[in-house]
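Me: Hi! I'm new to this one, could you walk me through a few backbone details?
Reply: Happy to, let's have a look together.

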Amino acid sequence: MKTFNLPDLGEGLPDAEIVRWLVKEGDLVALDQPMVEMETAKAVVEVPSPYKGTITKLCGNEGDVIEVGAVLVEFDGDGSSSNSPESASAPSAVETPAAAETKTTEAPQPTTTTAVATDVFNLPDLGEGLPDAEIVRWLVAEGDTLALDQPMVEMETAKAVVEVPSPFAATVAKLHGQAGDVIEVGAALVTFGSAGSVAAETKQPEPAVSSDSDDKPADAATVVGAVEVGNKVVIESASAVIKALARKLKVDLSQVVGTGANGAVTQSDIKQAKADGKLIGSKPQPAVVATSSNVSSDENPLDFKASPAVRAHARRLGVALSQCSANGRKGTITKADVDAAASSPASSVASAPAARSSTAGGGLPTVQVSVEPQTVRGVRRAMAMGMAKAHATVVPTTLMEDADITSWPKQDSLARYVRALVFASKIEPALNAWFDGEKFERLVHPNVHVGIAVDSPDGLYVPVIHNADSKDANQVRARVQELREKIENKGLKQDDQQGGTITLSNFGSIAGRYGTPVVSPPQVAILGTGRFRNELKLTAKGIENRKMLPLSLTFDHRACTGGEAARFLAAVIEDLQKPL
Amino acid sequence: MAAITLIEAVNMAMAHEMEHDKEVVVFGEDVGINGGVFRATDGLQQKFGEERVIDTPLAEAMIAGLAIGMAAQGMKPVAEIQFMGFIFPAADHIISHCARMRNRTRGRLTLPMVIRAPFGGGIHAPENHSESTEAIFAHIPGLKVVIPSNPSRAYGLMLAAIRDPDPVIFLEPKRVYRIEKHEIEDNGEEYPIGMCFVDREGTDITLISWGAMMHETKQAAEKLAAEGISAEVIDVATVSPLDIDTILESVEKTGRACIIQEAPKAGAVGSEIAAEIAEKRVTSLLAPIGRVSGYDTVVPYYRLEKQYMPKVEHIVEEAKRLMEYR
C-alpha cells in the first residue's frame with residue numbers, strides 16, 4: 001500500500017480543508033490527475049496524483065481539515081510489489097495468484113507480480129566479512145509460504161547469531177542444509193518454488209541479501225552485529241527545531257515573520273528577531289487554555305492545582321475541585337480546602353476562585369456553560385498573521401474628509417470608488433506603490449490593481465481587480481461579480497488575491513462613518529468609504545440638504561508624505577464629486 | 001540534496017567542519033584507513049590527510065587524553081570511541097580532567113572537544129556493544145551529553161558540538177544509524193544544543209524520549225492517536241544539561257508524563273526527568289509519572305535481546321494505564 005500525505009500547498013500553513021473529491025475509491029488515476037480540491041488560507045488548490053494507480057482509500061470527507069503531512073489518499077500496491085506505480089497498475093503485467101496458493105488467511109495482496117519459476121537465495125555476507133556461517137535452527141519448513149522479511153533461519157557467525165529474513169513473498173521449495181551445517185557465503189541456502197514478488201526496493205532485508213559485493217552495507221567487512229537498513233526518506237520536523245531555537249534564544253515566535261520558502265520561519269529569522277529584541281514577554285500574550293480531550297466532565301481538572309493525593313481525597317468525598325477554595329501555596333487546593341468544601345459546600349462555593357455557578361439563593365436556576373477555544377484556521381488565520389505583520393511594520397496615518405455625492409445618479413457606488421482610486425493614482429502616484437522597509441525600496445506602479453476587502457463568514461478576503469485603470473465601469477462590475485461568486489463557491493484562486501497595489505474597504509455598506517483601515521504591506525495606502533448620509537450644509541444658496549460620503553485614507557508614512565496623501569485624497573474627492 | 005542516513009549525516013557534519021575550520025581533527029580506532037567500523041569517518045582521511053584524520057592504537061585512555069591536550073591548546077578534536085562499552089578506560093580523563101578544566105583553571109582554559117561513541121542495543125551484538133550508559137556522563141557537571149534521534153539532528157547537533165567551546169559527549173544511537181534517511185542540505189546550519197524538540201503536539205499525555213527509542217515513541221503516539229489519545233512527543237536530544245522547562249511546560253498542559261528510555265531503569269536520565277517533574281509540577285499531575293525502560297540487568301545476548309528492548313506496545317500500554325489512572 002502506498003500512501004500520499006498532504007504536502008504543503010504553497011502557503012506554509014499547517015492544514016487545508018477538503019472542498020471536493022474529484023475521484024472515488026477504486027478509481028484508476030493517471031499521474032498528475034487532479035484528485036481533490038483543497039482550500040488553504042488563501043486559495044482553493046487542486047491536488048494532483050503523484051502516482052498512476054488505483055485509489056483504495058480517501059482519508060477524509062468534504063469539509064474535513066487535513067494537517068500537512070497527514071495521510072490524504074491511499075493507493076493500491078504494497079511493500080512486496082514493485083515500487084514502480086506504473087507496473088503496479090499496468091494491465092499487461094502477468095498476474096500470479098501467489099496469495100491464493102498460500103496457507104495463510106491474510107487477504108490476497110492486490111498486486112501484480114512478475115512470475116518466476118524458481119529462485120535460489122544464496123547466503124549473503126551476514127555483516128562480519130567472514131567466509132561462512134553455521135545453521136543454528138530453521139524457522140521455516142519446505143512447502144511453507146513466506147511473507148517478505150519473514151525470518152527463515154538463525155545463522156551463527158563468529159560474533160553473533162543472526163536471523164536471515166526472506167527476500168521474497170514466496171513458497172519454500174528446498175532448504176539447503178541442516179542445523180549444524182556450515183554454509184559458505186554465496187552458496188545456496190533456500191530455493192523458492194513459486195516465487196512471489198521480488199524484494200521491495202524501499203527496504204533492504206536485514207542484512208543485505210545479495211552476495212554481490214556492490215550491494216553490501218558499507219561497513220559489512222568490519223561491523224559487529226547487524227544494523228537495520230531502511231531507505232525510507234523521512235521529513236525533519238523543521239518547526240520543532242525552529243521552536244527549540246526560539247526557546248533557547250527566548251524569542252517570541254509570534255513576533256517573527258518568516259522569510260523562508262512559503263513564509264517559513266528560518267534560523268536566521270529567529271536570530272534576527274533576537275537582535276531586534278522580539279523576546280518573550282516583550283508583548284502581552286493571551287492566556288492559553290488547554291483542555292484535555294479525554295476529560296468528559298465540564299470541569300477541566302487542570303484548571304485546578306492540587307496534588308494527586310488531594311485529588312484522590314476530593315474524589316473519595318465526591319467534592320468537585322471547582323467547589324473548593326485554594327488556600328495552599330501558589331493557589332493550590334489543600335486537603336483542608338477539600339474537607340471544608342465537603343462539610344459546607346454552600347459557603348465554599350462563594351469563595352471558590354474558579355467557581356462557574358451562580359450563588360443566587362433564589363430566582364433563576366444555575367446555568368453552567370463550558371466554552372472551549374477553537375483553533376483559528378484558514379482565511380481567518382491568514383488575516384491574523386497579515387494584520388500582525390502590518391501592525392509591526394507600517395507607520396499608519398489616517399486622513400478623513402467627506403465627498404459631496406448629491407449629484408450622483410442611482411448607480412453602483414463600488415465602481416465609482418474604484419474609478420476614483422484610479423483617477424487619484426494618476427494625479428498622485430506615490431500612494432499607488434509598494435514599499436520595502438528593510439531594503440528601503442519603493443516601487444511606484446504604472447497600473448492600478450485595486451484590492452477589495454470582502455467580509456465573509458470564513459474571514460477577510462481581499463480579491464484584486466487587476467488593471468482597474470484600463471477597465472470601464474461595466475468591466476469593473478463584472479469583475480466584482482465574478483469575485484463575489486468565487487468567494488461564495490470557495491473558488492477564489494491565489495492569482496485572484498495577488499498583486500494589489502492599493503486597497504478599498506467599503507465598510508460603510510454595513511455601518512461606520514470614519515475608520516482607520518489597516519494598510520497591507522507592501523502596499524502603502526487603503527481607502528475606507530463610510531456610510532453616506534444626508535447633511536444640512538451651508539452653501540452659496542443657503543442651507544441645503546447634501547448627500548455626504550465620508551472617506552478615510554490610511555497611508556504608510558514611511559513611504560508617502562502627508563502632502564502626497566492629502567493631494568491623493570483631494571483627487572479622490574474631485575472624481576467622486578463628478579455627477580457621472 | 002541527497003537523502004542520507006544518520007551515520008552519513010555525522011560524516012557530513014565532520015567533513016563540513018574540517019573543511020571550514022583547520023583546527024578540527026578526527027582520531028580514534030580505525031577511523032582513518034578503514035573509515036570507521038560504522039563508516040562514520042569514511043573518506044575523511046583521503047580528503048583531509050593523515051595529519052588531520054589519525055588512526056590511534058587501541059587505547060581509549062590515550063585517545064581521551066590526546067583530545068584534552070589538543071583542545072587545551074586551541075585545537076578542536078573530534079575523538080571516536082569505537083563503542084560506548086569501550087569508553088571506561090577513558091572515563092578518568094573525561095570525568096577528572098575534561099569535564100572540569102574550565103572550572104579548574106577559572107575559565108582560562110576551555111576544551112572545545114567532542115567525544116563520539118555509538119551506543120545502544122538492538123543490533124544483535126555482544127553486551128558491551130549494546131549498552132545505554134548515557135546517565136553516567138549526564139551525571140558529571142561540565143559535560144554536555146547530546147544524543148541525536150534522526151539524520152537532520154545528527155548533522156545539526158554534531159556541528160554545534162564541534163563549535164561548542166566546552167566538551168560534548170556525542171552519543172550516536174547505532175540501531176537507527178541507517179533505519180531512515182533525511183534530505184539534508186550541507187549548509188553548516190547547526191541545531192541548538194541544550195534544547196528539547198517537540199516533535200508532536202498533544203493534550204493528553206507527554207511522551208519523553210531520546211535517541212533510538214524516539215522511533216518507537218513516535219509510533220506509539222500514532223497508535224494512541226488512533227485510540228483517541230492525544231500524545232505530545234518530546235525528543236530530549238540533549239540529556240545533559242536538561243531542557244527541563246520545555247518538559248515541565250508540556251506536563252503542565254497534559255497532566256501526564258511517560259518517559260521512554262532504552263537504558264536500565266535505575267539511576268537513569270529518565271529518573272532525573274521524573275524527579276524534576278515530581279519536584280516542580282506535582283500539582284499538575286493527574287496520574288503518576290510513567291516510565292518504560294530497559295531492565296536493570298546487563299543487556300542480554302542476541303536471543304533475548306528482543307525481550308530486553310522496550311517496544312511500541314509497552315509504551316502504548318503504559319500510556320493507557322496513565323490515562324485510565326483514577
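**Backbone details, one by one**

Me: Is A:Asp149 buried, exposed or partly exposed, and why?
Reply: A:Asp149 counts as partly exposed because it has 19 C-beta neighbours inside 10 Å, and a residue needs 20 or more to be buried. Keep in mind that this is a predicted model.

Me: Where is A:Asp149 found?
Reply: A:Asp149 is in the loop between strand E11 (145–146) and strand E12 (151–156) of chain A. Its phi is positive, near 75 degrees, although A:Asp149 is not a glycine.

Me: And over in chain B, what is phi of B:His124?
Reply: Phi of B:His124 is near 65 degrees, again a positive value in a residue other than glycine. B:His124 lies in the loop between strand E5 (114–119) and helix H6 (134–138) of chain B.

Me: Is B:His124 buried or exposed?
Reply: B:His124 counts as buried, because 27 C-beta neighbours lie inside 10 Å.

Me: New topic: how do strands E20 and E21 of chain A run?
Reply: They run antiparallel, with 4 bridges joining E20 (residues 433–436) to E21 (residues 441–444). A:Trp434 stands opposite A:Leu443 in E21(A).

Me: What about the hairpin of E20(A) and E21(A), how many residues sit between the strands?
Reply: There are 4, and in this hairpin A:Phe440 takes a positive phi near 55 degrees.

Me: Last one: which peptide bond is cis at A:Pro522?
Reply: The bond from A:Pro521 to A:Pro522, with omega near 5 degrees. A:Pro522 is in the loop between strand E26 (502–505) and strand E27 (525–529) of chain A.

Terms used. Residues are numbered from 1 along each chain as its sequence is written. Chains are lettered from A and ligands numbered from 1 in the order in which they are written. This is a predicted model: local features need pLDDT of at least 70, side-chain atom pairs count only at pLDDT 80 or more; totals for chains, interfaces and linings use all residues. Two strands pair if DSSP finds at least two bridges between them. Helices (H or I, at least four residues) and strands (E, at least two) are DSSP runs, numbered from the N terminus. A residue is buried if 20 or more other C-beta atoms lie within 10 Å of its own, exposed if 12 or fewer, and partly exposed in between; C-beta atoms are placed from the backbone.
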